[in-house]
Amino acid sequence: MSMVWPCPLTVDAYASLGRAVRVPRPECPSCSSPVVFWSGYWRHVRRRERERKIFIPRVRCRACGVTHALLPAFVLVRRLDAAEPAGAVIGKVAGGACGVRRAAAAAGVPHTTARGWVRRFTARAGELAVSFSALAVELGGEAVRPQPDPLRSAVAAIGAAFTAAAGLPGWAALGRWRFACAVTGGSLLAASATSPFLIIGRRRFMPPRSSWRGRVP
Ligand SMILES: [Zn+2]
């Protein structure tokens, strides 16, 4: 299981810290008990055609014995590419600024990669629009009016939720795509969401969505 923390570091800064990266210690998402750091693992992340090796610490809950990987918010679960280039492409295409090919060139990624991001995001756009709109309201922000284009709706809802979250300590500096990645537990471009945790300080928000109810995080 993984949790995403609002890491403000650049990918390079995070990577150069190696195992020395300092990660805030969360509470266990299952039982709220204290956790202890429990080793970790290495993985790669790609940004602008460059791969960096990064250390992902794990924590273990003393009460329930479950371990959780603590992913920095620029990492997408089971994806090599960082969240921001993917978000930049999706944002441009959704906003009608340009097509996928030009957005891919601007982000420095292959066209096929960018097309895959947009397809995957579009497939979940309806559900993301609903979840992020609800989160925006929960955080005291504006309700987002649904738009006919689900892709555009989802990006607008993420923007509204981020604007609302940016009023809380620590989030403004992250940008909306790290924020979106953190809220969805790194599964923004996954086939299904598995750990929709937003950790802000010691508070944890779970955007309301019927299919998440009853699922063990
Ligand atoms: Zn626990």
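Select Ser32 first. In this predicted model, Ser32 is partly exposed, because its relative accessible area of 42% falls between the limits of 20% and 50%. Ser32 lies in the loop between H1 and S2. Its backbone deserves attention as well: the phi of Ser32 is near 65°, a positive value in a residue that is not glycine.

Next, move to Ser39, which is placed in strand S2. Is Ser39 buried or exposed? Ser39 counts as exposed, since its relative accessibility of 54% is over the 50% limit. For Ser39, too, phi is positive in a residue other than glycine, here near 60°.

**The zinc site**

Now select the zinc ion and display the side chains around it. Which atoms coordinate the zinc ion? The SG atoms of Cys28, Cys31, Cys61 and Cys64 do so, at 2.2 to 2.3 Å. Along the chain, the donors of the zinc ion are spaced as C-x2-C-x29-C-x2-C. If the viewer can display angles, inspect those among the 4 donor atoms: they run from 101 to 125°, and the site of the zinc ion is tetrahedral. For comparison, the ideal angle for four tetrahedral donors at a metal is 109.5 degrees.

**Helix H2**

Select residues 83-95, which form helix H2. From its first C-alpha to its last, this helix of 13 residues reaches 18 Å, close to the 18 Å expected at 1.5 Å a residue. How many residues of H2 are buried? The count is 10 of 13, and H2 is thus mostly covered. Among the buried residues of H2 are Ala83, Pro85, Val89, Ile90 and Val93; Glu84 is also one of them.

To see what lies over these residues, display strand S2 (35-47) together with the helices H3 (100-107), H4 (111-123), H6 (150-165) and H7 (176-183); the cover of the buried residues of H2 includes these elements. Then step just past the end of H2 to Gly96, where phi is positive, at about 75°.

**His111 in helix H4**

Proceed to His111, found in helix H4. His111 is partly exposed because its relative accessible area, 23%, lies between 20% and 50%. Which residues does His111 touch, apart from its neighbours within four places in sequence? The contacts are with Val100, Arg101 and Ala104. Draw a line between the C-alpha atoms of His111 and Arg101: they are 5.5 Å apart in space, while the two residues are 10 apart in sequence.

**The whole chain**

Finally, clear the selection and view the protein chain in cartoon form. The protein chain has 7 helices and 6 strands, arranged along the sequence in the pattern β-α-β-β-β-α-α-α-α-α-α-β-β. Of its 217 residues, 51% count as buried. Among contacts between residues at least 6 apart in sequence, 60% join residues at least 24 apart.

Methods
Residues are numbered from 1 along each chain as its sequence is written. This is a predicted model: local features need pLDDT of at least 70, side-chain atom pairs count only at pLDDT 80 or more; totals for chains, interfaces and linings use all residues. Side-chain values use heavy atoms; hydrogens and water are left out. Helices (H or I, at least four residues) and strands (E, at least two) are DSSP runs, numbered from the N terminus. The expected span of a helix is 1.5 Å times one less than its number of residues. Buried means under 20% relative accessible area, exposed over 50%, partly exposed in between (1.4 Å probe, protein chains only). Contact means heavy atoms within 4.5 Å. Donors are N, O and S atoms within 2.8 Å of the metal (3.2 Å for Na, K and Ca); water is not among the atoms, so sites may look incomplete. Four donors count as tetrahedral if all angles lie between 85 and 135 degrees; four count as square planar and six as octahedral if opposite donors are over 155 degrees apart and all others between 65 and 115; anything else is irregular.
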